[in-house]
Amino acid sequence: MDFSIKHFVELQKDIQADLPLEKSLSRILRDLEKEIKYQSLGIFLKVPHTELYRLKISRHISHHFAKDTIFTAGDPLVQEMMKFEQIEIDEYGFYKFEHDFSHLIITPIFYKSELFGFMFLDKKEGFFSEEHQELIKFYGSIGSITVRIHNLEDDIAQHEGFYQINHVHKFQPFTHKANTSLRLMKRYNRDISLCVLYIDNYKSLVNKRGVNKVSKIIESIGDYIKDNLRTTDIIGRYQNNIFLIALPETDKKNALLTIKRIEGSFIDIIQKNNIIRGWGVSQANDETNNVMDLIKEAKMIAKDACRLI
């Protein structure tokens with residue numbers, strides 16, 4: 001086996017690309033598969049803001065097992081992983097995943113004293129060599145770094161990108177947070193809707209009243225929207241004349257009721273300033289790839305609604 005520096009540099013180049021976490025981990029596993037033969041493989045990762053560990057990515061594992069298998073912080077395996085040491089088990093060992101095996105390796109995915117999850121590989125027959133066990137540990141460490149970076153990006157997106165004192169996100173942090181919420185809702189088969197408030201006559205308002213006054217009016221609308229949302233909802237602003245609202249665990253019907261209630265809180269501002277606006281709502285489905293799909297659909301509906309006013 002020739003695992004050269006050049007090989008490692010190519011692997012690092014792959015995972016340094018701007019990809020979702022699951023795709024980055026897939027690239028790591030694709031590289032591992034060139035070096036090690038196994039029966040099944042999986043990476044369990046901690047669900048954000050919970051004590052649960054779910055299967056994030058796997059090979060040769062059934063959909064049923066992937067969907068239904070959950071570990072908690074109190075499970076013996078998770079407690080063992082908190083020692084941050086790789087373990088190996090023969091067919092008579094205590095731990096088992098989906099398949100019977102002759103040899104099982106489980107390696108932690110962690111940073112400092114924080115356990116992000118763990119990776120397992122098993123063999124149906126024979127044993128992993130010592131060299132392969134070291135390689136598994138190596139790939140586990142690369143996975144740990146990758147997960148750590150993505151977690152940091154999530155933290156940064158949650159704390160940056162606000163304008164003034166309002167928790168109204170700029171476009172990039174909004175899409176990052178909304179995509180995270182979208183993936184979570186799709187994983188657990190929950191609804192998520194996206195609303196767009198489009199201000200059609202923004203340019204003419206600026207020409208009449210000046211950019212500073214109009215900016216204050218728009219920001220006050222953002223305040224009203226923010227104050228009428230749940231803590232799990234996400235609000236953002238795109239360009240100068242569009243507000244975006246992601247509503248997790250909300251279908252389109254209830255999203256329409258929500259925006260009707262929200263607009264009621266600032267309808268006086270709309271009428272007093274002769275603002276021409278339109279609302280659009282889209283709901284995620286199986287074909288929805290990312291939040292941009294929802295934004296495009298809702299924005300088109302919002303623009304059409306302006307023409308009817």
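This is a predicted model: local features need pLDDT of at least 70, side-chain atom pairs count only at pLDDT 80 or more; totals for chains, interfaces and linings use all residues.
Is Arg 209 buried, partly exposed or exposed? Its relative accessible area is 33%, so Arg 209 is partly exposed.

Glu 88, Asp 90, Glu 91 and Glu 130 gather on the surface as a patch of negative charge. Take Glu 88 from that group: you'll find it in strand β4, residues 87-90. With 48% relative accessibility, Glu 88 counts as partly exposed, because the exposed class begins over 50%.

| Salt bridge | N to O distance |
|---|---|
| Arg 59 and Glu 33 | 3.2 Å |
| Lys 83 and Glu 80 | 3.5 Å |
| Glu 134 and Lys 137 | 3.7 Å |

Let's start with Arg 59 and Glu 33. This pair links distant parts of the chain: Arg 59 belongs to strand β2 (residues 52-59) and Glu 33 to helix α2 (residues 21-35), with the two 26 residues apart. Arg 59 has a relative accessible area of 21%, so it is partly exposed. Glu 33 is partly exposed as well, at 25%.

Next, Lys 83 and Glu 80. Here the two partners fall into separate classes: Lys 83 is exposed, with a relative accessible area of 55%, while Glu 80 is partly exposed, at 23%.

Then come Glu 134 and Lys 137. Where do Glu 134 and Lys 137 lie? Both are in helix α5 (residues 130-159), three residues apart, and that is about one turn of the helix. Glu 134 is partly exposed at 49% relative accessibility, and Lys 137 is partly exposed with a relative accessible area of 37%.

While you're on helix α5, look for Asp 154, which also has its place there. Asp 154 counts as partly exposed, at 22% relative accessibility. Asp 154 and Lys 177 are 23 residues apart along the chain, and their C-alpha atoms are separated by 7.5 Å.

### Rings side by side

On to the aromatic side chains. To describe a pair of aromatic rings, you give the distance of the centres and the angle of the planes. In this structure the count of aromatic pairs comes to 12. Phe 44 and Phe 71 form one of them: their ring centres are 5.0 Å apart and their planes meet at 85 degrees, so the pair is edge-to-face. Are Phe 44 and Phe 71 buried or exposed? Both are buried.

Tyr 224 and Phe 266 make an aromatic pair of the tilted kind, 6.5 Å centre to centre with 40 degrees between the planes. This pair also links distant parts of the chain: Tyr 224 is in helix α8 (residues 211-227), Phe 266 is in the loop between α9 (252-264) and α10 (267-272), and they are 42 residues apart. Tyr 224 is partly exposed, at 36% relative accessibility, whereas Phe 266 is buried, with a relative accessible area of 0%.

Back to Phe 44 and Phe 71 for a moment. Together with Phe 97, Phe 118 and Phe 120, they form one aromatic cluster.

### Positive phi in two loops

Finally, have a look at the backbone. What is phi of Lys 112? It is near 55 degrees, a positive value in a residue other than glycine. Lys 112 lies in the loop between β5 (103-111) and β6 (114-123). With a relative accessible area of 64%, Lys 112 is exposed.

Gln 239 isn't a glycine, yet it has a positive phi of about 55 degrees. You'll find Gln 239 in the loop between β10 (234-238) and β11 (242-248).

Methods: Residues are numbered from 1 along each chain as its sequence is written. Side-chain values use heavy atoms; hydrogens and water are left out. Buried means under 20% relative accessible area, exposed over 50%, partly exposed in between (1.4 Å probe, protein chains only). Rings of Phe, Tyr and Trp (its six-membered ring) pair if their centres lie within 6.5 Å; planes under 30 degrees apart count as stacked, over 60 as edge-to-face and the rest as tilted. Helices (H or I, at least four residues) and strands (E, at least two) are DSSP runs, numbered from the N terminus. A salt bridge is a side-chain nitrogen of Lys or Arg within 4 Å of a carboxyl oxygen of Asp or Glu. Patches are made of residues with over 30% relative accessible area and no salt bridge: like charges are joined within 9 Å, nonpolar side chains (Val, Leu, Ile, Met, Phe, Trp, Tyr) within 5 Å. Accessible areas come from the Shrake-Rupley method with a 1.4 Å probe; for residues, only the protein chains shown count as cover. Lys and Arg count as positive and Asp and Glu as negative; His and the chain ends are not counted. The place of a charge is taken as NZ of Lys, CZ of Arg, CG of Asp or CD of Glu.
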